[in-house]
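The sequence and the structure are shown first, and the notes follow, grouped by topic.

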Amino acid sequence: MESPELDTGKVSLFLSENLQGCSGSFTFSLFGSGGSNLTYLIEDSVGSKWVLRRPPSNSGLATAHDMSREWRILHALNEVGGVPVPEVHVFCSDIAVTGAEFYVMEYVPGKILRSREDAKKLSVDQVESCVRSLVETQVALHSINIDEIGFARPDQSEPYVLRQLRRWKNQVDLGAVRAVPILDELHTILINSYVEVDRGESLVHGDYRFDNVVLSSKCSIAAVLDWELSTIGDPAADFVWSVQYWADIEDEIHWIPDAPTLIESFPDRRSILKMYEELSGINVSDIDWLVVFSWWKQACISEGVYARRMKGVRGGASAVSVDAIAERVDVLARVASGLAERFL
């Protein structure tokens, strides 16, 4: 397969010289999900498989597509254990190969729940197993000793959520192709209503949910994927972000329209919150503020996707129209605004 984002000839030569255990020629297939970094399945002539990650071309926001950072995170997590992640094999810093840095990691076979149709294939016992494993793995992630993974701690004078408010406001402003006043208004509301809750900080994933994990045949987590948003931060904020993906049947709006959790055999969002609090011992007393923050942040991320699409950068997601992305931003922001009126 030829991809405008991947020079398969040069990449194949690089892999032949640097990837241990490969044999013969390579084929490359772009995974269709995801709207940011590009992920390819690599297969050699004897059927061995790997996964390649690289940023989209002309992404414009280097901090959102740092391949070396993802590589370091996965390498560190493989070293310390506790959370299942793919093994990393090769990192390429030479942008002459295909226009950007990239890395190659282990291909982890298994199931990824992306839709109700995927979830319908699971028995009640399998649902219970994958739900508990999902929450337990996030708790394990939040329990990792930060010092053991060798990450520099952020400026302790500024709490995680305030860093996040600044970061995503800057991302929207730097990539802006239109004005979205409601995002500015919500940013001000969140800043003015913030009350610090001292929970300490942990490693956080930033986008942890069912379609970013691989399930084993026993419906336990075999690998956690997509670490591009991970950092040191507030574990409760990380969990509350994740649980917004946990669509309940009675919800008017879902972050994922066809979320697997809409199947009746899945517990509701409130039950997942209770499970996390019991397993982690972490109190999420400021959940109302964190929910509004999460919806605002999701709107900012979607606005970034819209801006990149307007600039011709498609990422891995190509089926959704530009107009639909713009409408999604507006809907997310309106929900955040409505929640802010109720709770803040």
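This is a predicted model: local features need pLDDT of at least 70, side-chain atom pairs count only at pLDDT 80 or more; totals for chains, interfaces and linings use all residues.

Y245 and W255 are both buried.

**Aromatic pairs**

- The structure contains 15 aromatic pairs.
- In one of them, the rings of W71 and Y103 have centres 6.3 Å apart and planes at 65°, so this pair is edge-to-face; planes over 60 degrees apart count as such.
- Because W71 belongs to helix α2 and Y103 to strand β5, the pair ties together parts that are 32 residues apart in sequence.
- Both W71 and Y103 are buried.
- Y245 and W255 also make an edge-to-face aromatic pair, with 4.9 Å from centre to centre and 85° between the planes.
- Y245 and W255 are each in the loop between α8 (235–243) and α9 (269–280), 10 residues apart.
- A cluster linked by ring pairs is made up of Y194, W289, F293 and W296.

**Charges over rings**

- The face of Y306 has R178 lying over it, at 4.5 Å from the ring centre.
- Likewise, K297 lies over the face of W241, at 4.7 Å from the ring centre.

**The sheet**

- Strands of a sheet pair through backbone hydrogen bonds, in either a parallel or an antiparallel manner.
- Here, five strands make up an open sheet with antiparallel pairing, in the order β1-β2-β3-β5-β4.
- From one strand to the next, the twist averages 25°.
- Strand β2 (residues 38–44) and strand β3 (residues 49–54) run antiparallel and are joined by six bridges.
- Opposite I42 stands W50, a residue of β3.

**Helices on the sheet**

- Helix α1 (residues 8–18) packs on the sheet and touches β1, β2, β3, β4 and β5 (102–106).
- The direction of helix α1 makes about 120° with that of β1.
- Helix α2 (residues 67–80) lies across β3, β4 and β5, and runs at about 155° to β4.
- Helix α2 also holds W71, the partner of Y103 in strand β5.

Terms used: Residues are numbered from 1 along each chain as its sequence is written. Side-chain values use heavy atoms; hydrogens and water are left out. Two strands pair if DSSP finds at least two bridges between them. Helices (H or I, at least four residues) and strands (E, at least two) are DSSP runs, numbered from the N terminus. Axes are lines fitted to C-alpha atoms, for helices over the stretch in contact, and angles run from 0 to 180 degrees between N-to-C directions. Contact means heavy atoms within 4.5 Å. Rings of Phe, Tyr and Trp (its six-membered ring) pair if their centres lie within 6.5 Å; planes under 30 degrees apart count as stacked, over 60 as edge-to-face and the rest as tilted. Buried means under 20% relative accessible area, exposed over 50%, partly exposed in between (1.4 Å probe, protein chains only). A charge sits over a ring if NZ of Lys or CZ of Arg is within 6 Å of the ring centre and within 35 degrees of the ring normal.
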